[in-house]
Amino acid sequence: MLRAFVNTALGVLAAGLASVVGRFALVPRASARQQWFRGASLGDLDPDTPFPAVLAVARDDGWSRARVNETVFVVWDGLTGIRAMSATCTHLGCRVRWDNGAQRFKCPCHGGEYDAHGNVTAGPPPRPLLALAARITDEGDVEVRL
């Protein structure tokens, strides 16, 4: 009888511990989920010209939470189409800039270049710029999901 009681108690404790550990291991934290951030207003954008939008994003580093600036490029087609891409070079993580004269994104670090859609055209980058989800709200704001 005592053996059955001890085994049952240990089983209940193990199940409780497993549920707590499983909660933290399997369910993503709220800050890790993707969120929509306001990037610009349609009034800020010129058709087919990449606009650098700086988003303030909360990041956890283990001990503290800090706001970091994340730069993305927003491109509006002049009608209802909107797209966004990361401004982070896929080679070593430098920030790319839009060169209006050359109609290219250029990385100042190692000569990487991307076309207006973020595809690699020159240099060492192994992949295109990261495409991000974007939408236009009813109020005429552009939101980007990170």
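Colleague: At 38% relative accessibility, what does Cys 109 count as?
Modeller: The model is a predicted one. Buried requires under 20% and exposed requires over 50%. The 38% of Cys 109 lies in between, so Cys 109 counts as partly exposed.

Colleague: Which residue forms a disulfide with Cys 109?
Modeller: A disulfide requires two cysteine sulfur atoms within 2.5 Å. The structure holds 1 disulfide. The sulfur atom of Cys 109 is 2.0 Å from that of its partner, Cys 94.

Colleague: How many residues apart are Cys 94 and Cys 109?
Modeller: Cys 94 lies in the loop between strand 4 and strand 5, and Cys 109 in the loop between strand 6 and strand 7. The pair therefore links distant parts of the chain, its members being 15 residues apart.

Colleague: Cys 89 is in no disulfide; how far away is the nearest cysteine sulfur?
Modeller: For a disulfide, the sulfur atoms must be within 2.5 Å. The nearest sulfur to that of Cys 89 belongs to Cys 107, at a distance of 3.8 Å.

Colleague: Which strands stand at the edges of the open sheet?
Modeller: The sheet has 4 strands in the order 2-3-4-9, with antiparallel pairing.

Colleague: Which side chain does a polar contact of 2.7 Å join to that of Glu 143?
Modeller: Glu 143 is in strand 11 and counts as buried because its relative accessibility is 18%. Its contacts beyond four places in sequence include Trp 36, Phe 37 and Arg 135. The polar contact of 2.7 Å joins its side chain to that of Arg 135.

Conventions. Residues are numbered from 1 along each chain as its sequence is written. This is a predicted model: local features need pLDDT of at least 70, side-chain atom pairs count only at pLDDT 80 or more; totals for chains, interfaces and linings use all residues. Side-chain values use heavy atoms; hydrogens and water are left out. Helices (H or I, at least four residues) and strands (E, at least two) are DSSP runs, numbered from the N terminus. Buried means under 20% relative accessible area, exposed over 50%, partly exposed in between (1.4 Å probe, protein chains only). A polar contact is a pair of N or O atoms within 3.5 Å; within protein, one must be able to donate a hydrogen and the other to accept it, and residues adjacent in sequence count only if both atoms are side-chain atoms. Contact means heavy atoms within 4.5 Å. Two strands pair if DSSP finds at least two bridges between them.
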